[in-house]
Amino acid sequence: MGLLSSIFTLPIAPVRGVIWLGEVIQDQVEQKLRDPAAVRRRIEAIDEAAAAGELSEEERKKAQQEVLDALIERPGGTKPTEEKE
């Protein structure tokens with residue numbers, strides 16, 4: 001039975017390969033987004049822009065909150081404050 005299933009599923013092997021590659025890329029991107037050094041660099045860049053007068057205090061707070069929200073976002077794409085129905 002293993003030989004027959006291999007023969008019948010062989011045409012979809014490239015699709016499975018692309019799906020696997022997409023999952024690997026997604027994992028790598030999520031790891032980089034949650035890297036503490038990257039988060040620190042983004043927050044420091046926001047603070048520098050605010051110090052240079054490029055951002056208002058409200059814009060600075062909003063940008064920092066967006067960075068923190070992205071950091072604590074759950075794998076399913078929901079934030080801890082969101083509830084699934």
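Predicted model: local features only at pLDDT ≥ 70, side-chain atom pairs only at ≥ 80, totals over all residues.
Residues are numbered from 1 along each chain as its sequence is written, and side-chain values use heavy atoms, with hydrogens and water left out.

Let's start with α3 and α4. Helices here are DSSP runs (H or I, at least four residues), numbered from the N terminus. These two pack at an angle of about 175°, and their axes are 10 Å apart; axes are lines fitted to C-alpha atoms over the stretch in contact, and angles run from 0 to 180 degrees between N-to-C directions. That makes α3 and α4 roughly antiparallel, the word for angles over 145 degrees. On the α3 side, the contact (heavy atoms within 4.5 Å) is made by V39, R42, I43, I46, D47 and A50. From α4 come R60, A63, Q64, V67, L68 and L71.

Two names in that contact, D47 and R60, also meet through their side chains in a salt bridge, at 3.6 Å from N to O. The term means a side-chain nitrogen of Lys or Arg within 4 Å of a carboxyl oxygen of Asp or Glu. The pair links distant parts of the chain, with D47 in α3 (residues 36-51) and R60 in α4 (residues 57-72), 13 residues apart.

R60 has another partner: its side chain forms a salt bridge with E57 at 2.4 Å, N to O. R60 and E57 sit 3 residues apart in α4, so about one helical turn separates them. Shared partners join D47, E57 and R60 into one network. A search of the whole structure finds 2 salt bridges.

How covered are these residues? R60 is buried at 18% relative accessibility, where buried means under 20%, exposed over 50% and partly exposed in between, using a 1.4 Å probe and protein chains only. D47 is partly exposed at 32%, and E57 is partly exposed too, at 45%.

Now over to α2. V29 lies in this helix (residues 13-33) and is partly exposed, with a relative accessible area of 44%.

Technical notes
Parallel < 35°, antiparallel > 145°, perpendicular 65-115°, else oblique.
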